[in-house]
Amino acid sequence: MTVTAGGAILHAPTAQAATTESASTTKAAVTAGTSKTTSAAALRAAKVARQKVKARKAVTAAKNQVGDPYRYGATGPGSFDCSGLVQYAWKKAGVKLPRVAASQFARIKNKVSWRNLQPGDLMFFRGLGHVGMYVGKGKMVHSPRTGERVRIDKLGGWRRASFVGAVRPGM
């Protein structure tokens, strides 16, 4: 039996081989495109998983400081100001942060909305004058002000009203 393929005349065994080769080439191209998408998604998922592990470490480190006194400019380990506390906690998780709240907000590129907060996210208030760390379940750990101690507070109406933004370190 003779078959024409692109103007060439092929005998049946050759025509079958050409058809099979064309189908496998198309299948390989589709698989390559899919694997690029899959590997990009897998890399993103791995990056997110690593960030969550670091965030858990940072939250634990910050919670361990509850009760330590506030001291302006202090970065621990015995006393903290607000930005010093979150810098210290994230350092314990292996992530370097800038020293002051405004720089922390400006330099950490992964911004987060109030609705998408996750434990470890840094929350900024009062025109970037205060920072705390979200610990989950509508609460944050922070070092409030002179005369106070590191504590965990609920995120009530006043906090929502003075909220400037949030960032997700460690990405």
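Let us begin with Arg151 and Glu148, which form a salt bridge whose closest N and O atoms are 2.6 Å apart. Please keep in mind throughout that this is a predicted model. Side chains of opposite charge can pair when their charged atoms come close. Are the two residues of this bridge buried or exposed, or do they fall in between? Arg151 has a relative accessible area of 26%, so it is classed as partly exposed. Glu148 is partly exposed as well, at 26% relative accessibility.

Arg151 has a further partner. Its side chain also meets that of Asp153 in a salt bridge, at 2.9 Å from N to O. Asp153 has a relative accessibility of 18%; because buried means under 20%, Asp153 counts as buried.

By the rule used here, the model has 5 salt bridges. Another of them is formed by Asp81 and Arg99, with the closest N and O atoms 2.8 Å apart. This pair links distant parts of the chain, the two residues being 18 apart. Asp81 belongs to the loop between α1, residues 12-63, and α2, while Arg99 belongs to the loop between α2 and α3, residues 101-107. Asp81 is buried, with a relative accessible area of 7%, whereas Arg99 is partly exposed, at 25%.

Arg99 also leads us to a residue of helix α2. Ser83 lies in that helix, and at 4% relative accessibility Ser83 counts as buried. What does Ser83 touch, once its neighbours within four places in sequence are left aside? Its contacts are Arg99, Val100, Ala101, Gln104 and Val131.

I now turn to the sheet. It is an open sheet of 6 strands, in the order β3-β8-β4-β5-β6-β7, and the pairing is antiparallel. Which strands form its edges? They are β3 and β7, the latter covering residues 151-154, and each of them pairs on one side only. Helix α2, residues 82-92, packs on the sheet and touches β4, β5 and β6, where β6 covers residues 139-142. The direction of α2 makes about 45 degrees with that of β5.

Why may we call β5 largely enclosed by the rest of the structure? The reason is that 7 of its 7 residues are buried.

The turns on either side of β5 deserve a remark. The hairpin of β4 and β5 has 4 residues between the strands, and in this hairpin Arg126 takes a positive phi near 50 degrees. The hairpin of β5 and β6 has 2 residues between the strands, and there Lys137 takes a positive phi near 55 degrees.

My last topic is the aromatic rings. By the rule used here, the count is 4 aromatic pairs. One of them consists of Trp114 and Phe163, with ring centres 4.9 Å apart and planes at 80 degrees. Why is this pair called edge-to-face? Planes over 60 degrees apart count as edge-to-face, and the angle of 80 degrees therefore places the pair in that class. Trp114 lies in the loop between β3, residues 111-112, and β4, residues 122-125, while Phe163 lies in strand β8, residues 163-167. The pair therefore ties together parts that are 49 residues apart in sequence. Trp114 is partly exposed, at 21% relative accessibility, and Phe163 is buried, at 17%.

Together with Phe125, these two residues, Trp114 and Phe163, form one aromatic cluster. Phe125 also has a charged residue over its ring: Arg159 lies over the face, at 5.1 Å from the ring centre. Elsewhere, Lys111 lies over the face of Phe105, at 4.4 Å from the ring centre.

To close, I recall two points.

Definitions and conventions
Residues are numbered from 1 along each chain as its sequence is written. This is a predicted model: local features need pLDDT of at least 70, side-chain atom pairs count only at pLDDT 80 or more; totals for chains, interfaces and linings use all residues. Side-chain values use heavy atoms; hydrogens and water are left out. Rings of Phe, Tyr and Trp (its six-membered ring) pair if their centres lie within 6.5 Å; planes under 30 degrees apart count as stacked, over 60 as edge-to-face and the rest as tilted. Buried means under 20% relative accessible area, exposed over 50%, partly exposed in between (1.4 Å probe, protein chains only). A charge sits over a ring if NZ of Lys or CZ of Arg is within 6 Å of the ring centre and within 35 degrees of the ring normal. Two strands pair if DSSP finds at least two bridges between them. Contact means heavy atoms within 4.5 Å. Axes are lines fitted to C-alpha atoms, for helices over the stretch in contact, and angles run from 0 to 180 degrees between N-to-C directions. A salt bridge is a side-chain nitrogen of Lys or Arg within 4 Å of a carboxyl oxygen of Asp or Glu.
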